[in-house]
Amino acid sequence: MVQVNGNYLKLKAGYLFPEIARRVKAFSEANPEAAIIRLGIGDVTEPLPEACRTAMKAAVDAMGTREGFHGYGPEQGYLWLREKIAATDFQARGCAITAEEIFVSDGSKCDSSNILDILGEGNRIAVTDPVYPVYVDSNVMAGRTGDADAAGQYGGLTYLPITAENGFTAQIPTGQVDLIYLCFPNNPTGAVATREQLRAWVDYARANEALILFDAAYEAFIQDPELPHSIYEIEGARECAIEFRSFSKNAGFTGTRCALTVVPRGLMGTAANGEKVELWGLWNRRQCTKFNGVSYIVQRGAEAVYSPEGQAQVKALIDFYMENAAIIRQELSAAGLQVYGGEQAPYVWLKTPEGVDSWGFFDRLLSQAHVVGTPGSGFGAAGEGYFRLSAFNSRANVEEAMRRVRAL
Ligand code: MLT
C-alpha cells in the first residue's frame with residue numbers, strides 16, 4: 001500500500017493563486033459578459049525584450065546545425081551567462097560575487113523551495129507575516145513545521161509581523177532562529193529594506209550563526225539609488241546569506257523560465273556532529289543530481305539582458321510597470337484608500353475599507369468592478385485587512401481597472 005507524504009495534508013486549502021484562479025473561473029462562468037481585469041498574480045504581460053528574442057532565435061538556429069547544437073549543458077549554467085551576471089548584477093555594485101558562486105536555474109520559486117534539501121530538519125525558521133506563501137508551504141511539505149492553528153499559522157515557525165505600524169520591515173527576533181526568509185523589495189507589501197535594516201539582519205545572522213535566504217526577485221524595480229539591490233552589498237553577508245534572483249519580472253521571463261541562486265564559497269553550515277560544512281558543495285551536489293540545467297536557448301535569451309540594448313529594453317519595461325504602479329497608487333489614494341508600496345516594487349498594498357476583510361474586498365472588487373486582486377490574508381494572518389494589486393498589466397487595463405474601482 002503506497003503511503004503519501006502526510007505533511008501535504010497539513011497544508012491549508014489550495015495554494016493562494018490557484019485558489020484565486022478557481023474563484024475567478026467560477027465568477028466568469030456565471031457572468032460570461034464580465035470583462036475581467038487581472039491585477040492578482042504578479043505575472044508580466046508585456047512582450048519579451050527584442051534583444052532576448054533575437055538571441056533566442058539565433059540559438060534556435062544554432063541548435064539546427066551540427067556545430068551549434070547543444071545537448072546537456074552544465075548543471076550550474078553556462079559560464080558565459082554566469083560571468084555576465086556576476087559582473088553586472090554583483091561586481092558592478094561592489095559585491096565580491098564570482099561566476100562560480102552563481103547557479104542558473106528555472107526559477108526562484110523552485111530554488112527557494114529546493115534549498116531545503118541541503119538544510120537540516122532541526123532549524124528554527126523565521127518568516128515574515130505576511131509572506132510569499134512558498135516559503136511556508138515548502139517547509140510544511142518538507143515536514144519542517146507542526147500543524148496549522150485556526151489563524152493558519154504553523155507550529156514551529158517564528159512569524160515576524162510586518163504591518164503599517166512597523167513600516168513593513170520585520171523586527172529582528174529577540175530569540176534564536178537559524179533560518180530567516182527575507183524578501184526585498186517585498187512581495188506582497190511592496191516595502192523595501194534600507195542598507196541599515198539589512199545590516200541589522202546580517203549582524204543578527206552572524207551573531208547567531210543563522211542563514212538568511214534573501215529573495216531579491218524584484219530588485220530591478222528599486223528606483224532610489226541609495227537602496228541596496230543585493231544582500232551582498234552589506235559587509236559580512238557572504239558569511240550568512242544565500243540570494244535568489246530571477247529574470248521573470250525584469251525581463252518578462254515568467255513563461256520562459258530563468259533565474260539564479262547565489263551561494264558564496266565559504267558559507268558554512270553545521271553537521272549533526274558539529275563539523276562545519278560548506279553549503280556551496282551541497283547545493284552543487286544537489287543541482288548535479290536533481291537538475292539538468294536551463295535550456296541553451298533560454299540562457300542565450302537571458303544573456304542578452306546584459307547587452308546594451310537588453311539593458312535599455314529591460315529598463316523600459318521596468319519604467320512601464322512602475323508607471324502603472326504610480327497610477328494605481330494615485331487612483332486608490334484619490335478613492336480614499338490607504339496605500340503602501342508601489343514605489344520601489346511592482347506591488348501596491350492597500351488597507352481594505354473599515355469593516356471589510358481581505359476576501360470580502362476580493363469578492364466586492366470581483367463582483368462589482370470585475371477586477372481581480374490578491375487578498376492580504378492569503379499571505380498570512382497579519383495580512384488580514386490588506387489587499388495587493390499588481391502593476392503587471394497593460395496601461396489600458398490598469399487605467400480601466402482604476403476607473404472601475406473609483407466608481408465603486
Ligand atoms: C505573486 O503574484 O506573488 C507572484 O506571482 C509570485 C511568483 O512569482 O511566484
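Student: How many salt bridges does a search of the whole structure find?

Tutor: The search of the whole structure finds 22 of them, each being a side-chain nitrogen of Lys or Arg within 4 Å of a carboxyl oxygen of Asp or Glu. Please keep in mind that this is a predicted model, in which local features need pLDDT of at least 70 and side-chain atom pairs count only at pLDDT 80 or more, while totals for chains, interfaces and linings use all residues. Residues are numbered from 1 along each chain as its sequence is written, and side-chain values use heavy atoms, with hydrogens and water left out.

Student: What makes the meeting of the side chains of Lys-25 and Glu-29 a salt bridge?

Tutor: The N to O distance between the side chains of Lys-25 and Glu-29 is 3.2 Å, which is within the 4 Å of the definition, so the pair counts as a salt bridge. Lys-25 and Glu-29 are separated by about one helical turn, because they stand four residues apart in helix α1 (residues 16-30); a helix here is a DSSP run (H or I, at least four residues), a strand is one too (E, at least two), and both are numbered from the N terminus.

Student: Which residues surround the ligand?

Tutor: They are Phe-17, Ile-41, Gly-42, Tyr-132, Asn-187, Tyr-218, Lys-249, Tyr-347 and Arg-388, where near means that a heavy atom of the residue lies within 4 Å of the molecule or strand.

Student: What kind of peptide bond joins Asn-187 and Pro-188?

Tutor: That bond is cis, with an omega of about 20 degrees, and Pro-188 lies in the loop between β5 (179-183) and α6 (195-208). A cis peptide bond also joins Asp-129 and Pro-130, with omega about 5 degrees, and Pro-130 is found in the loop between β3 (125-129) and α5 (133-141).

Student: What is the area buried between domain 1 and domain 2?

Tutor: The domain assignment, automatic or from a database, gives domain 1 (6-47 + 309-407) and domain 2 (53-306). About 3,300 Å² is buried between domain 1 and domain 2, with carbon and sulfur atoms giving 63% of this; buried area is the accessible area (1.4 Å probe) that two parts lose on being put together, summed over both.

Student: How many salt bridges and polar contacts are counted between domain 1 and domain 2?

Tutor: The count is zero salt bridges between domain 1 and domain 2, whereas 14 residue pairs are in polar contact there, with both residues at pLDDT 80 or more.

Terms used: Polar contact = N/O pair within 3.5 Å; in protein donor to acceptor, adjacent residues only side chain to side chain.
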